[in-house]
Structure formats: C-alpha cells, structure tokens
Amino acid sequence: MLQEESDLSLIIAQIVQKLKGSNLYAQLERQAWACLQRPEIKLESLKEDIKEFFKISGWEKKLQNAVYSELSVFPLPSHPAAPPEHLKEPLVYMRKAQGSWEKRILKSLNSMCTELSIPLARKRPVGEQKELLSKWNEMGTDEPDLSLFRPVYAPKDFLEVLINLRNPNYENGDSLSFRTHLGLIQVPLKVKDIPELKEFFVELGLTTGQLGIDDSTQVPPELFENEHVRIGQKVLAEQDGAAAQQYIRQGSPTALRADLWALILNISSQPEDILYYEQLKTNVIQHDLLVDSLIYKDVKLTASNDDYYFVFEDYLYQVLLCFSRDTSVLGHFAYNSASPPKSYIRGKLGLEEYAVFYPPNGVIPFHGFSMYVAPLCFLYHEPSKLYQIFREMYVRFFFRLHSISSHPSGIVSLCLLFETLLQTYLPQLFYHLREIGAQPLRISFKWMVRAFSGYLATDQLLLLWDRILGYNSLEILAVLAAAVFAFRAVNLMEVTSLAAAEAVLADLSTLKVMPLLQIFLFATVT
Amino acid sequence: MSRVSVPCHVKGTVALQVGDVRTSQGRPGVLVIDVTFPSVAPFELQEIMFKNYYTAFLSIRVRQHSSPHTPAKWVTCLRDYCLMPDPHSEEGAQEYVSLFKHQMLCDMARVLELRLILRQPSPLWVSFTVEELQIYQQGPKSPSMTFPKWLSHPVPCEQPPPLIEGLPDPSRVSSEVQQMWALTEMIRASHTSTRIGRFDVDGCYDLNLLSYT
C-alpha cells in the first residue's frame, strides 16, 4: 500500500516536471491571470474558483489529454537506486550490444567523412543560403551528385547484429537441445502467446465491428459504419484524447483520421509550434550537415521510387531536414536504449563546454528511414503540423524499431514474437522453410522495421497504424507478419529456396490487413 | 522516512544440491546467502535493497535477539517472493528490488542475522544471485525538543481592539495575503527541465569527427 502511494506520487511529480516546460503550462498560466477579472473568482477561494473555471472552459480537458499523453510515453518510474542506464535498458548485455552497434555506425560515418573529404557540418555561405531558401518548396528538383554516398546501414545489417545477440548467462550449449531457439533470435525475452494476444487485442475480435472489414461495399453502412462515424465525430467534438485512443482501435474513418491522430498524439498547432518549425527551417538553411546528403539519398532511393509516395518528395525533405536539427528529440533518449552520437567543436577536443551532439537530434538515418514519414503526407498537408505528427510518432514508436532493447515493443521482442507465433501455430511451414534455408525472419524483418510502410497499400497501412496508436504498442506488426505467412502458407510449402520464398511474399499490396489479423488471432483452429 | 545503511558482512553463497557438487551434471537451483552484522547491535530492519541477477524466488529467514535466557531461533520472514514472473524468460531478471518491513511475515525488531534463500528452478541460466545487497534500519527520529513555556502554553487571547470603521477585518486580510504568498512561493520554487533548443556553441557548429567514448 505504501509502495503504491509513493509510486503514484513519483509518477505525478515526474509528469508535473515534464509539463512545466510545455506550451500548455504557459497557456494555463495566461488563462489563470486573465480569468482573475471575472466576477466569480473570489480571493479567499482563489484556487478552487480557478479550478472550476478551467473545468467549465475546457482547459481541464486539455490538461487531461496532456497528462494521458505523458503516461502513454513515459515508462513507469523505476526503483530509486536504479541508474539512468537502467531506465534506458535494464539488461546489461543488451546495453553493451547497442553500444557496440552504435560504435560501428559512428565508425562508418567517420570513414565516409574522411574518404569523401566532406565535413560533418558546414556553415553555408550567404549566397547558398539565399538559393536554398528560394528553392525550399521544390528541393526535389535539385539533383546533387550523391553517387559517392552510401547509406550508413540497411535493415539487413541490423538483422545480423540481432541474430548474434547472446545473453552470457543463458545456457546455449553447442549441441541442439531444448534450450536452442529454432528461429534466428536466441535471447529468451518474454513474448505474448495467442491467448494473451486475444485478450490484449480484444477489440479486433470477430463480434466487434472493424473499419477495414465491416465498411466494405457488401456490408450495408447502417450496420456499423454510420454509427462508428457518428461516435468518432462526438469524440472529436469532446476533444478527449483517451476516448480517441479507445475509439481508434476499431479503425478511423478516413475523414476523421488526421484530427484523431492529432488528438491522440496531443498535437495542436499553436503559433509557437509554427514558429518553432520556422526556426528549424532557419537552422537547415544556415548549416549544411553530412546527414542531409544521407537523407537526400534515402528519399531518392526509396520514396521517390514508390508509386504512392513519389508525389510527396518535397514534403519529405522539408520534414526530415528539419527533424535532424531538432534538439527536443534528444529528450527521448532517456527511455531509448540508444544514445546520441557526440562530437566536439574543431580544435576543442575533450573540452566538455564544446561538446555537441551530431546530428543535433541524435538520430542517424538509415536506408528506408524516410518511409516513416511518407504515409503521413496523405493526412497532413501543412508542413509544420506534418512535422509535429512525425516527430511525436518517432519518439513514441518508430525509435523502437531500430534500437536493441528488451522492451515488449522493441524490434528484438517483435522478431521473437513473430518467430514464436509461426513456430507454434504453423509448425510444418516453419520447419519446411528452415530446412530449405529460408528462415522466415529474413523475409519479414524488413516489413517490421519499416512498420510495413511501402509494402502495404496506403489505406491498409493507415488502418494498421490506427491500431498501433490505439493499443500504444507495435506488437501488431509481428502478428500481421505471422498472419501474412499463414495466408500464403500453401504456396510457401511448395517453394524450395529462399529466393522462391521471397518471390511468393514479394508483393503485399493486394492484402487486406484487418481480415488477416482477425483470422489469425480469432479464427484459426489451434 | 529517513533510513540509515547498516554495514553488513555478506558471506559467500552456498549451493544446496543433492549429491556431489563437483561430479553431478545439473546445476544447483537453490543458493543460500548468510548476512551477518558483526559490529552492530540487534537493530530494527527497515528495508532490504538489492539488484537481482536471474533469481526467480526469494525466501528470507531471520534470527532475532530475544530475551537473554532463550536461544535465538530462525524464523521465516519472507516466503517464496517472486522476482521473475516467468523463470524461463528475462522479465525481472536484472531489476532493482526493495523489500520493506511491512512486507515481512514477522516483526523485525531485533535482527541479529539474515539468511537469503535464492531459488531458480529453470535450467536455462548459467548462474543466479543477488547483487549490491544493502540493509537499512530506521533513521534517527528528529530529536525531541523542549518548547519554551510560552509556545506550549499560549496565554488565552485577550479581547481584540474594536475594528475601525471602513477598514476590512484584519484576520481576513491576513489569511488572504497568506494564500497569495504561498502561491508566489510555489511559482518561485518551480523550475523546468526543458532545453533551450540551441545545438551549436556560440553560432559555431564546425565539428571534429564523431567520438567513440
């Protein structure tokens, strides 16, 4: 009892500390000052009267949304004796593995820097700044020579690191025994099994209406769709973040999706936010970073070649270049097992006052990074709002897909969840693929790292990302990957090589996500 | 509440195993750690804190100082406390744990010795133990003071002078001013941890290569 109370007060203190620096705090203060003029505010009961005013005017709702948002993002407070590294990642061997992976990335970036004789960062001359400013909205027309640049790493390099991840205290043994994992991931993390997943994803059940299934043309809209849209409009009118998160588990109507996502992520476009984005734009124009060329290359290689996303090429530059200048992203490293790369101002090596992070947001993009932003371009057309939504999605979800951690939504757990589901419920298929040298994870890894962006049709992808937001977890990616294998199991049983298996699973653009998930979780005979 | 660390001596772990430790194949699943307090008198235990390392269940036995004539007996104060919900997986394997006085089965008023019994039934792990063990006792209570007589026995208040017409009631004004003062103190004491947003040092962002430390 004592422990729960002290835990609760610790959580409250942490959230208050976090919210104190936010826009909302300043706004609430301003409102409190302004409402002092009102006749119903009396000096003796100042505190209670102001609280009452906030309740009536809707500011309490905004505060509730902000607190709920913080609770979703922030991990539970840990033991007071636990050091900050423990909050990032409790398992020591995973921290070490993440550290050595980061070192490899830094070495790769440094060698690219020295080979090409390009500085990590350079201040742009005034002429170049003017030119970039004039071309800001059409950076895609620029064709710089990027042939010498190569991405720092690709998902398959990261997969090799995960395959070699070992717990030194885990008895692996040289010979195959009950201890060896049959898949590629060899660490014994706790993952959910299908009964637990059924309970977790209960709103995806067969008896609950879903967008993505019950809004198809054969189903009359009176049965589910009309009512669902009406409830969605009500949720938006109430501006309740927690209700929106619950509502979106059944999918979001296309017309309401942009507003619902903004409500769940607690993004409201204030003048300060637009100003902040403009400041980032100024930073991009003033300094040229090596990372910019990597971003250019990535966009040209991935999004520009995609049938759905090539139209958004300019938006992608505007978002990603500003993203790498944004120091507020550094805050998420408190709960991310990764750490931002560090450097020193030239000539001041070792002096802590001249230590800086590079890039300013601490995130080095890899091959396919721009695909996290591309689907959002369908929803948001105003660059500063698009930027805010992407940044919030990154610090809540996407960072887990490319750092080594034991978190249930981390990529390691997702891989293990995928392999365990496949092994348990499709043992013949798993055994067959393993025998022909086509470990299933080698095919599905790239889907999960990109959260299926670029592999599914856009409307299906957005329905999937609805559920990621609704359940505040990425586990659905692993379940979908297993469901795709289950769907194509008959064809896969006939292949005899990894290349043939890849060919069977090459095109996912015709798949309907929600029926696959529903059948796999709720309708498969186990 | 304040707490004070008690210097303790942790003896080496003893594995409990049937058969010969050297020749038998399996690894022990039970370890015993004795904790003695050589230089401290029997004390009241407040908190036990440690970092887990793959121990699944913990039991604690305590030997307390009783009256001088009866010999001290071992009593179980914590039985099969679960540290890892699933002994085969990593959940809870390297967590920091605190156990408090109110979680114990008996009262811990005059502790002489502790015995920690660690269990790890899963054969998957090479070794298991608890690390960074620390024992805490109740900190000293704030020293009792003797209050001067006028504070503990206030003089009954005399009749206040009659209010001058037109001025507000002084006690009401003082209570309102007190509230305002409390609010301003709170605002002054609060500080935020948000960053300013600058990534360069005085406008300069000319960097060396990335450092590996």
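Is Glu392(A) buried or exposed? In this predicted model, Glu392(A) counts as buried, at 17% relative accessibility.

**View 1. Arg396(A) and Glu392(A) meet in a salt bridge.** Here the N to O distance is 3.1 Å. Both residues belong to helix H16 of chain A, which covers residues 383–396. They sit 4 residues apart, about one turn of the helix.

**View 2. A salt bridge joins Glu203(A) to Arg249(A).** The N to O distance in this pair is 3.1 Å. Glu203(A) is found in the loop between helix H9 (194–200) and helix H10 (225–238), while Arg249(A) is in the loop between helix H11 (241–247) and helix H12 (254–264), so the pair ties together parts of chain A that are 46 residues apart in sequence.

**View 3. Glu131(A) pairs with Lys135(A) in a salt bridge.** The closest N and O atoms of the two side chains are 3.9 Å apart. That distance still qualifies because the cut-off for a salt bridge is 4 Å. The two partners fall into separate classes of accessibility: Glu131(A) is partly exposed, at 46%, whereas Lys135(A) is buried, at 18%.

**View 4. A network of salt bridges links six residues of chain A: Arg122(A), Arg124(A), Glu128(A), Asp288(A), Asp292(A) and Arg325(A).** Side chains of opposite charge can pair when their charged atoms come close. In this view, the arginines Arg122(A), Arg124(A) and Arg325(A) are linked into a network with the acidic residues Glu128(A), Asp288(A) and Asp292(A). As background to these charged views, the structure holds 23 salt bridges over all chains.

**View 5. Leu8(A), Ile12(A) and Val16(A) make a nonpolar surface patch.** The patch has an area of about 270 Å². One of its members, Ile12(A), lies in helix H1 of chain A, which runs over residues 2–20. Ile12(A) is partly exposed, with a relative accessible area of 49%. This residue can take part in the patch because members need over 30% relative accessible area.

Note on methods:
Residues are numbered from 1 along each chain as its sequence is written. Chains are lettered from A and ligands numbered from 1 in the order in which they are written. This is a predicted model: local features need pLDDT of at least 70, side-chain atom pairs count only at pLDDT 80 or more; totals for chains, interfaces and linings use all residues. Side-chain values use heavy atoms; hydrogens and water are left out. Buried means under 20% relative accessible area, exposed over 50%, partly exposed in between (1.4 Å probe, protein chains only). Helices (H or I, at least four residues) and strands (E, at least two) are DSSP runs, numbered from the N terminus. Patches are made of residues with over 30% relative accessible area and no salt bridge: like charges are joined within 9 Å, nonpolar side chains (Val, Leu, Ile, Met, Phe, Trp, Tyr) within 5 Å. Accessible areas come from the Shrake-Rupley method with a 1.4 Å probe; for residues, only the protein chains shown count as cover.
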